[in-house]
Amino acid sequence: MNSQTIVAPMTPAGVSAVAALRVSGSKVREVVKFLFGTAAEASLKPRQANLGTARQNGNVIDSLLYIFFEGPNSYTGEDVLELYPHGNPLIVRELMQAIRSVDGVRLAEPGEYTRRAFLNGKMDLSQAESVADVIHSANLAELKNAHRLLSGALSKKVKVLTEQIKDISARLELDVDFAEEEADPDYATWGKKIAAIRESVESIAKSFRGKAALGRLPLVVLYGAPNAGKSSLANALLGEDRILVSNIPGTTRDFVEVRLFLAGGEIRLVDTAGIADKATDALDALSMEKSREILEEADLKILVLDGATQSSATSLLPATPMSPAEQAQSTPDLVVLTKQDLWGAKSATAAPEGPKSISVSAKTGFGVDALAATLNSRLFKENENPEDLWITSEREKACLEDALAGIDRALDLIRKNPAVELLAFEMQLVRRALQSIVGEISSEDVLQSIFAGFCIGK
């Protein structure tokens with residue numbers, strides 16, 4: 001695979017101010033010569049930004065910046081060329097075609113750059129897998145965890161455990177070699193050491209969080225009576241008029257979903273049709289039913305009440321035709337009193353009992369920042385220990401489970417039949433399972449499975 005030079009865009013398809021392409025392999029200097037001329041290739045210096053005009057057959061492709069990274073001091077460990085043309089898809093296409101016309105250069109496969117980085121010793125397999133997490137993290141907590149994994153935090157833990165097991169294995173195998181000359185081994189000491197290793201391995205395994213769960217954006221649903229100000233509140237949080245607003249009750253007929261960026265990450269914010277005491281027609285009844293359905297999926301339910309008319313004696317739940325079970329399910333996590341700018345002296349002091357309430361004015365912006373901060377604290381809790389991490393790879397989880405199974409067999413042998421040879425064999429299997437996490441032991445099928453899910457340019 002590494003005998004050929006590869007090229008791929010690093011930025012998504014589409015129009016942008018600047019695009020980025022990466023070339024990696026032994027033909028990088030030839031690509032520079034082909035695009036920018038002999039003088040440019042001769043004066044090439046590592047890590048120096050150069051401005052040049054890329055040409056093919058004398059025709060100008062684009063004036064652009066390019067940077068040369070000499071192997072092994074590059075992402076892949078090979079010679080690497082990064083090019084930054086204007087972000088016109090036509091330019092990117094012409095530049096890609098020109099580079100691929102150089103003999104020995106082909107389009108990169110998904111994840112091939114990171115795969116080469118792993119094979120060339122620039123990172124271990126656990127770090128390589130975390131590259132995808134860095135790209136696809138949906139919130140700051142996930143991104144920080146991905147960066148910890150990429151920096152080798154998990155690899156260090158696995159290395160410590162592997163060294164501990166190597167030490168035990170060496171002592172076990174020494175006892176096997178000199179079984180006839182030595183006194184009976186100290187099984188009690190071995191059992192304590194192996195049990196301590198098991199606790200550490202189990203702790204890492206229990207930290208697993210599946211990518212499907214991590215990739216799901218939190219769902220926040222605004223619900224309440226018609227004309228309570230739900231759509232205006234959503235627009236205020238977004239900072240733009242994204243949802244149609246009207247003084248006519250029932251303007252929102254179906255729920256509207258938008259994306260909202262909070263300090264901790266992105267969420268799905270849903271503005272629902274108003275839930276009234278009685279439907280005015282069949283369409284209104286269907287709209288209210290849709291509102292109740294989306295409430296069932298919500299991570300955070302926000303009851304929106306018209307603060308200009310709401311009194312402190314009013315129930316937090318609107319008087320709707322709900323069963324007791326439905327009302328319990330729709331109990332709000334947060335209450336928002338809207339139209340603060342219209343409050344009179346009486347309503348201004350109203351404070352509904354029950355879940356926390358926040359007063360806001362979509363018109364003046366009063367309370368909107370406080371509401372956003374509350375949403376952020378509810379949905380994206382700060383990690384108490386910044387050194388904690390979790391794993392997201394099913395492969396790593398399976399390796400840890402194999403290691404735990406081997407440790408349990410070893411502990412069972414110590415309790416029932418402490419044969420040194422069998423103990424040594426089981427600990428060897430445990431060590432191999434842990435080494436598989438960082439790729440010290442890996443098959444071609446495993447590598448293909450991991451990197452096939454990456455994007456082309458990574």
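This is a predicted model: local features need pLDDT of at least 70, side-chain atom pairs count only at pLDDT 80 or more; totals for chains, interfaces and linings use all residues.
Me: Thanks! Back to that pair: is E82 buried or exposed?
Reply: E82 is buried, with a relative accessible area of 12%, and R22 counts as buried at 6%. Buried means under 20% relative accessible area, exposed means over 50%, and partly exposed is in between (1.4 Å probe, protein chains only).

Me: How many salt bridges does the structure hold?
Reply: The structure holds 19. Another one joins the side chains of R116 and E78 at 3.1 Å, N to O. R116 lies in helix α4 (residues 112-119) and E78 in the loop between β5 and β6, so the pair ties together parts that are 38 residues apart in sequence. R116 is buried at 0% relative accessible area, and E78 is buried at 11%.

Me: Where do E129 and R395 sit?
Reply: Their side chains meet in a salt bridge too, at 2.7 Å, N to O. E129 is in helix α5 and R395 in helix α15 (residues 394-416), 266 residues apart. Both E129 and R395 are buried. Elsewhere, salt bridges that share partners join E78, R106, E112 and R116 into one network.

Me: Switching topic: why is α10 called largely enclosed?
Reply: Seven of the nine residues of helix α10 (residues 230-238) are buried, so α10 is largely enclosed by the rest of the structure. Among the buried ones are L233, A234 and L237. The cover over the buried residues includes β10 (256-262), β12 (300-306) and α14 (368-379). Just after α10, G239 takes a positive phi of about 80 degrees.

Me: Which residue has a positive phi of about 55 degrees although it is not a glycine?
Reply: That is N57, in the loop between β4 (49-56) and β5. N57 is exposed, with a relative accessible area of 71%. K339 has a positive phi as well, about 60 degrees, and its place is in the loop between β13 (334-338) and α13 (345-348). Most residues other than glycine have a negative phi, and most peptide bonds are trans.

Me: Where is there a cis peptide bond?
Reply: From G71 to P72, with omega near 5 degrees. P72 is in the loop between β5 (59-69) and β6 (80-84).

Me: What does N139 touch?
Reply: N139 touches G264, G265 and F380, not counting residues up to four places away in sequence; contact means heavy atoms within 4.5 Å. N139 is buried, at 13% relative accessible area.

Me: And how many helices and strands are in the chain?
Reply: There are 17 helices and 14 strands, and buried residues make up 47% of the 458 residues.

How values were computed:
Residues are numbered from 1 along each chain as its sequence is written. Side-chain values use heavy atoms; hydrogens and water are left out. Helices (H or I, at least four residues) and strands (E, at least two) are DSSP runs, numbered from the N terminus. A salt bridge is a side-chain nitrogen of Lys or Arg within 4 Å of a carboxyl oxygen of Asp or Glu.
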